[in-house]
Amino acid sequence: MNPFDSEDEGRGSRLIPVLLFIGSAALAAAALRFAWQQPVIMSAVLSVVLVFAAARWLARRKLRRLLRSGDVGSVLRRWSTSLHRIPHPATMAPLMTATAFAAYGWVEKARAAMAAAERGPAWEAALEHRLFLDTLLCTFEGDRDMALAQAGRLARLPLPDISSPFRSRVVTLRAAAGALARAFAHTSVPGDRALLERASEASPLVFWAMRYAAAVVAIDEGELTRVEELLADAPSWPQESTFRAFHDEIADRAGLPRTVSA
């Protein structure tokens with residue numbers, strides 16, 4: 001419990017789950033009664049709900065597959081309709097574009113997109129986003145000291161006062177940014193590889209960035225079998241992506257096939 005919560009607020013927060021349980025039980029009872037009295041209508045309603053749920057599941061699966069494909073052009077085309085509708089598009093659209101390029105190792109394109117972002121209140125408010133992005137880019141550019149410094153700044157930011165699932169994801173990605181910087185600096189600490197693998201599953205956009213960092217840690221730990229598992233199904237990276245060089249170097253060290261030309 002938050003130490004600044006009052007006693008009354010504490011009682012209120014404990015009452016909410018009770019009320020939700022009572023409400024859900026009442027709805028379930030009503031649904032059962034309705035199903036008994038009007039089975040045809042209830043079947044139709046359930047069919048619509050199932051179709052909607054299946055469509056949502058398939059859409060999420062398709063998006064996850066796209067984000068793991070390594071095809072930055074397709075990702076940007078998918079985002080193009082919404083980038084200019086987001087708040088402060090002059091700042092946030094270039095930052096999101098830079099994030100997409102960075103997530104797939106296109107360092108020069110990412111830097112150019114960041115440079116095009118409008119400076120102002122939205123730029124300052126996006127500090128966490130910028131630090132995460134800069135940690136990735138400095139790591140991929142080989143500036144290990146700066147990458148570690150930016151990851152440290154990111155880790156020291158106060159956590160936002162948000163719901164637990166999103167807060168947990170923020171904590172994971174902040175920690176993973178530090179683990180990624182340490183991996184490429186060959187200064188990993190125990191638990192970094194597991195953290196990187198967990199982050200790759202938590203955020204499909206940075207799936208391959210985290211997997212390559214985890215593969216570097218696995219090589220440093222002498223776990224060459226795990227390297228093959230981490231790089232399974234890796235895309236054929238184009239020359240513009242620094243991931244092509246990463247993949248080939250890691251593959252050489254682990255005795256795996258190199259990247260097939262895209």
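Ala, Val, Leu, Ile, Met, Phe, Trp, Tyr, Cys and Pro are counted here as nonpolar, Asp, Glu, Lys and Arg as charged, and the others, Gly among them, as polar. By these classes, the lining of the largest pocket has 12 nonpolar, 3 polar and 3 charged residues. The model is predicted: local features need pLDDT of at least 70, side-chain atom pairs count only at pLDDT 80 or more, and totals for chains, interfaces and linings use all residues. Residues are numbered from 1 along each chain as its sequence is written, and side-chain values use heavy atoms, with hydrogens and water left out.

A pocket is an open set of points on a 1 Å grid over the protein atoms alone, where a 1.4 Å probe fits, with protein on both sides within 12 Å along at least five of seven lines; lining residues have an atom within 4 Å of a point. The volume of the largest pocket is about 570 Å³, taken as the space filled by probe spheres set on the points. Its lining comprises 18 residues. His 129, Phe 166, Arg 169, Leu 173 and Ser 203 lie nearest the centre. Helices are DSSP runs (H or I, at least four residues), numbered from the N terminus. Helices α4 (89-103), α7 (127-141) and α9 (164-184) each supply at least two lining residues. The most come from α9, with 5 residues.

Aromatic rings of Phe, Tyr and Trp (its six-membered ring) pair if their centres lie within 6.5 Å; planes under 30 degrees apart count as stacked, over 60 as edge-to-face and the rest as tilted. The count comes to 13 aromatic pairs. Tyr 104 and Trp 237 form a tilted pair, 6.5 Å centre to centre and 35° between the planes. Tyr 104 lies in the loop between α4 and α5 (107-115) and Trp 237 in the loop between α12 (224-230) and α13, so the pair ties together parts 133 residues apart in sequence. Trp 237 also pairs edge-to-face with Phe 243, at 5.1 Å centre to centre and 85° between the planes.

His 247 lies in α13 (residues 242-254) and is buried, at 9% relative accessible area.

Conventions. Buried means under 20% relative accessible area, exposed over 50%, partly exposed in between (1.4 Å probe, protein chains only).
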